[in-house]
Amino acid sequence: MSDPIKHECGLAFIRLRKPFSYYHQKYNTVLWGLNKLYLLMEKQHNRGQDGAGVASVKLDVEPGYPFMNRIRSNAQQAIADIFQQIGKEIDELERYHPDIKSHPGLMKGHLPFLGELLLGHLRYGTQGKNKLEYCHPFINRDTIPARNLALAGNFNIVNSDELYTLVGKEPNPAVRFSDLAAMIELMHTYLCEEDEASPEKMDIKKVLKRTLPLLDGGFHVGGVTGNGIGFVFRDAHGIRPSYYYINDEVVVAASERAAIRTTFNVAENEVKELMPGQVLIVSETGAIEIAQILEPKERKACSFERIYFSRGSDEKIYGERKALGYNLSEPVLRAIDHDLKNTIFSFIPNTAETAFYGMLKGMEDYLNKVKIERILSWGRDYDPDKLAEMVNRRIRVEKIAIKDVKMRTFITEDVSRNEMVQHVYDITYGTVRAGEDSLVVIDDSIVRGTTLKESIIRMLGRLKPKRIVVVSSSPQIRYPDCYGIDMSKMGDFIAFNAAVELLKERNNMQFLQQLLDRCNELEQQGILHTENVVKQLYKQFTTEEISDKIARLITPPELDIPVQVIFQTIEDLHRSCPNNQGDWYFTGNYPTNGGNKVVNKAFMNYMAGKNVRGY
């Protein structure tokens, strides 16, 4: 993705089902669970690099001894930092007890994070807050073990203020803008009430049934209680991904199927998807239950997971990304006048590579069809050289763009920083015949267009191609997201800016004021959540008109080479990713009412000149 966006988080949940002596005997290490947690988090490293955290709960701890522990880090390599700290504790133990690893009971008693329940989290700061206190898991503590609660997840909740009101609490100023802080306050209140009502046997399902219906957003959350209950739950639309694996040794849950498969070396069909509205519960005794807490609604699993966020090592995601590229081959062929002989194909590293393979397959299929038709048309009129020339024709592929190591600069002035941005990517010189070859490059998506304009298009222009065609494997991003992706400001979207520019060209800027008046009217009536007003803006133009304007916006003023932009269609997106139909950032069709409120607030902020989030 040329425009990096903060997104997603990663969840890792492990419940050991055997005593530590079992793992010591079978795997020759009492640290088997911790090792698996480390792998499960590292295999989801793509999902969060702002911070990480781990919580553990020990079962059957004698009164007076710690049973719930937590460690968090916002270091540059947060996962490594956390497990290095745990490793130092182990080394310290071995200094005084060299053979302590041979005694599982002693290890459990002395090592804080050697617990039967493990909850790990990787964080991207969607609120722009990267302080340590914003890292998950969050913990609410109590003197009664059952009333201790740790939560972590991949989610955004858009009604956090309402949740605080429900429990009659003022948010802690340190984490005022954290939706997890609101969620844990709500759930902890109900947890304590349930424990008071049933101190002998708390029913965690009752707590979840009270809590989950009050949350407006997309969520995949894991939690553990001090008395040893573990649970993982998912929103009713299945917006955020959730997978689990169970055998007689362990219960595992994570944000990505491939992470579980790799960590535990299991087949695809052994890893199950936690369905929308469901909760996976592991009781204090290890009993497992899959319960339907929320009534499942229309499935709106996030399509960006398939386009970009999740790792492409999952075989289904890999196939879907190739399909996204393949479906773009026809419009690309039209853009280059079907002239494959004078066109070079490439991709913007690094995550667009799989879609590139799909687009390349589409080009090869077309070229093979041309070969067959040409050869058949010759009849007997050919010689070996002529035939060899036709058979050996290939799609021209080059590695044009090279992404350099992330550049950092101490320079704060805009002019100098823009100069640095131009050098985030580099090019391979000598690959393009100046003035003859068209250049086609594919990207995952185009969000702001800043890197395209300031770096990539300028860079490609140095090769002097006849034309530049930029292809996006996703449709135009037109609306904010409020379910886990940090896309919340209307002015950040190049599609929105293109629509505004088209209004200017048509002397119709008063239309924006009409939309603002409608938003103010809805807000005054307390029904801002009932309608996505911004949809009316995009209805003024065709998709092609907006694409053409985007092409002009990303073209540096000094460049005299034609630039064209081709976007994926909504229809082909759905065909490519049939089980992930969540497309609100493209279509404005939000699965919850909170989404409409967010997009309208984002537009109102834009009109007021406020550079703040829409929620």
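This is a predicted model: local features need pLDDT of at least 70, side-chain atom pairs count only at pLDDT 80 or more; totals for chains, interfaces and linings use all residues.

User: Good. Which residues have the most contacts inside the largest nonpolar core?

Analyst: That core has 73 residues, and those with the most contacts inside it are F304, L460, M490, L537, I550, Y585 and F603. Its largest share, eight residues, is supplied by helix α16, which covers residues 494–505.

User: And what does M490 touch?

Analyst: Leaving aside residues up to four places away in sequence, M490 is in contact with R478, P480, F496, V534, Y538, V599, A602, F603 and Y606. Of these, F603 is itself listed among the residues with the most contacts inside the largest core.

User: What lies apart from that core?

Analyst: Apart from the 73-residue core there is another core, of 39 residues, and L31, I82, I90 and V271 are among them. As background, nonpolar side chains in soluble globular proteins tend to be buried together.

User: Switching to rings, how many aromatic pairs are there?

Analyst: The count comes to 20 aromatic pairs. One of them is formed by Y23 and W32, whose ring centres are 5.0 Å apart and whose planes meet at 10 degrees, so this pair is stacked. Both Y23 and W32 are buried.
For F231 and F233 the centres are 6.2 Å apart, again with planes at 10 degrees, so that pair is stacked as well. F231 and F233 are both buried.

User: Which residues form the aromatic cluster with Y483?

Analyst: Y483 belongs to one aromatic cluster together with F304, Y308, F309, W584, Y585 and F586.

User: Now helix α8: why call it largely enclosed?

Analyst: Helix α8 runs over residues 257–264, and six of its eight residues are buried, so the rest of the structure largely encloses it. The buried ones are R257, A258, A259, I260, T263 and F264, and they pack against β1 (10–16), α2 (32–42), β9 (243–246) and β10 (250–254).

User: What happens just after α8?

Analyst: Just after α8, N265 takes a positive phi of about 55 degrees. For context, most residues other than glycine have a negative phi, and most peptide bonds are trans.

User: Where else is there a positive phi on a residue that is not a glycine?

Analyst: N28 has one of about 65 degrees, and this residue lies in the loop between α1 (20–27) and α2. N507 has one of about 55 degrees, in the loop between α16 and α17 (510–524).

User: Are those two buried or exposed?

Analyst: N28 is exposed, with a relative accessible area of 66%, and N507 is likewise exposed, with a relative accessible area of 66%.

User: Which residues does the cis peptide bond join?

Analyst: A cis peptide bond joins H136 and P137, with omega at about -5 degrees. P137 is located in the loop between β4 (117–123) and β5.

User: Last topic, G228: where is it, and is it buried or exposed?

Analyst: G228 is in the loop between β7 (217–225) and β8 (230–234), and G228 is buried, with a relative accessible area of 0%. Not counting residues up to four places away in sequence, G228 touches R15, V57, L59, L117, V282, S283 and E284.

User: And T143, for contrast, buried or exposed?

Analyst: T143 is exposed, with a relative accessible area of 77%, and this residue is in the loop between β5 (138–140) and β6 (149–157). T143 and G226 are 83 residues apart in sequence, while their C-alpha atoms are 9.9 Å apart in space.

Methods:
Residues are numbered from 1 along each chain as its sequence is written. Side-chain values use heavy atoms; hydrogens and water are left out. A nonpolar core is a set of buried Ala, Val, Leu, Ile, Met, Phe, Trp, Tyr and Cys residues joined through side-chain atoms within 4.5 Å. Buried means under 20% relative accessible area, exposed over 50%, partly exposed in between (1.4 Å probe, protein chains only). Helices (H or I, at least four residues) and strands (E, at least two) are DSSP runs, numbered from the N terminus. Contact means heavy atoms within 4.5 Å. Rings of Phe, Tyr and Trp (its six-membered ring) pair if their centres lie within 6.5 Å; planes under 30 degrees apart count as stacked, over 60 as edge-to-face and the rest as tilted.
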